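Please open the model in your viewer and keep the selection tool at hand. Each stop below says what to select next and then describes what is there.

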Amino acid sequence: MTQQIILLTNTGSPRTANEEDVRSYLQEFLTDGDIISVPYLMRQLLVRGIIVPRRTHFSSERYRRLLALSSGVMPLTAEMQRLAELVAQLTQLPTLYTPRYAQTSRAQWGERIAQLVGTDDLEVLLLPLFPQYTRSNAGSAITYFSDLPKPTGGEYKTTVLTPWGTDSLYIQQLTDLIQRHVDTSDDSYHYIASYHSIPEAHQKYDQTHGWDYHAQCVATLQAVVSRLGIPEERVHLAFHSAMGHGRWLEPTLVSVLQALAAQGARRAVIFSPSFVADCLETKLDLELEARELFLAAGGEELIYVPCLSTHPHSGALIASLVERVERQR
């Protein structure tokens with residue numbers, strides 16, 4: 001009988017907020033051709049010679065702020081490890097959290113799997129925990145973790161979870177989280193779904209390969225709106241965390257918040273369907289800085305809805321996605 005192991009993957013976090021660890025993380029992250037899609041040599045020179053030296057101190061300070069808000073632990077790492085334990089209990093399958101950028105080679109991951117379950121007659125169930133697919137999130141993870149090398153030679157067989165941004169249980173838990181944090185019958189609230197932005201060039205690339213990240217974001221939001229029964233005029237799509245030059249998906253979260261305040265909106269709810277667990281972008285960009293901006297622009301209240309991993313049955317959702325992987329084989 002074929003043994004199975006579950007790999008839960010997402011972007012990951014630096015090991016610590018120290019500049020050395022943040023530098024290593026940024027170098028691995030930004031030299032990925034699925035993140036900065038320029039020729040290899042140019043990318044290496046750009047990242048190692050310009051971007052990382054300029055960003056390391058700033059990013060390290062942001063991670064220190066994050067740790068101060070999160071009891072001294074990286075929230076993404078802690079939540080993903082907790083989810084992996086829950087999924088292992090629910091599925092009775094070995095489950096490993098494998099962040100994409102962990103300064104760990106494919107060969108090292110292959111050895112880790114062998115230590116847990118061996119190498120013979122083994123199938124890897126790979127779950128990229130990005131509800132909406134783009135080359136720079138799930139695409140990179142799938143490329144990296146598919147067919148990992150066995151220490152004894154050969155490769156592990158891999159079955160991959162397809163995008164799940166309109167999965168019924170996911171939408172149910174997402175809307176349940178919103179209702180746990182705000183009275184959705186109160187018509188004074190505006191709702192902002194803010195997704196991680198991507199460059200327009202990545203959007204066009206994905207479209208030529210059969211994927212449309214923007215359309216997936218819209219589909220998720222429409223499913224949430226339908227389930228909550230909120231009028232569409234009080235629901236807004238936004239994108240955050242654009243970085244560097246070039247055109248990125250819009251509207252930006254900043255512009256949406258400013259426009260709402262200028263139009264007289266005083267109360268808003270913000271949530272991010274593109275993240276399973278809270279991380280730097282959600283805790284700082286959304287929970288803190290978005291609130292500060294909205295209040296400074298004239299708003300009175302901004303409620304942040306934490307990510308999916310805070311739902312009491314989030315482990316059951318991931319376990320159901322494992323079943324979906326098995327069905328699609």
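Select helix α9 (residues 253-262) together with helix α10 (residues 280-296), and you will see that α9 passes α10 in a right-handed crossing, where right-handed means that the near helix is turned clockwise from the far one by less than a right angle, and left-handed that it is turned anticlockwise. The two helices pack at an angle of about 35°, with their axes 10 Å apart; axes here are lines fitted to C-alpha atoms, for helices over the stretch in contact, and angles run from 0 to 180 degrees between N-to-C directions. Helices (H or I, at least four residues) and strands (E, at least two) are DSSP runs, numbered from the N terminus.

The model is a predicted one, in which local features need pLDDT of at least 70 and side-chain atom pairs count only at pLDDT 80 or more, while totals for chains, interfaces and linings use all residues. Residues are numbered from 1 along each chain as its sequence is written, and side-chain values use heavy atoms, with hydrogens and water left out.

Now show the side chains of Leu253, Val254, Leu257, Gln258, Leu260 and Ala261 in α9, which meet Asp285, Leu286, Ala290, Leu293 and Phe294 in α10, contact meaning heavy atoms within 4.5 Å. By class, this contact has 9 nonpolar, 1 polar and 1 charged residues, with Ala, Val, Leu, Ile, Met, Phe, Trp, Tyr, Cys and Pro counted as nonpolar, Asp, Glu, Lys and Arg as charged, and the others, Gly among them, as polar.

A cis peptide bond joins Glu250 and Pro251, and its omega is about 5°.

For the next stop, select helix α6 (residues 168-181) and helix α8 (residues 213-228), which pack at an angle of about 60° with their axes 10 Å apart. That angle makes α6 oblique to α8, because angles under 35 degrees count as roughly parallel, over 145 as roughly antiparallel, 65 to 115 as roughly perpendicular and the rest as oblique. The residues of α6 that take part, among them Tyr170, Leu174 and Ile178, meet residues of α8 that include Thr220, Val224 and Leu228.

Leu174 leads on to the largest cavity, which is lined by Leu174, Phe271, Ser272, Phe275, Val305, Pro306, Cys307 and Leu308. On a 1 Å grid over the protein atoms alone, a cavity is a set of points where a 1.4 Å probe fits but cannot get out, whereas a pocket is an open set with protein on both sides within 12 Å along at least five of seven lines, and lining residues have an atom within 4 Å of a point. The volume of the largest cavity is about 50 Å³, a volume being the space filled by probe spheres set on the points, with grid points joined across faces, edges and corners. Its lining has 7 nonpolar, 1 polar and no charged residues.

Finally, select Thr77, Gln81, Tyr97, Pro99 and Ala102, which lie nearest the centre of the second largest pocket, among the 18 residues that line it. This pocket has a volume of about 340 Å³. Which helix gives the most to its lining? That helix is α3, with 5 residues.
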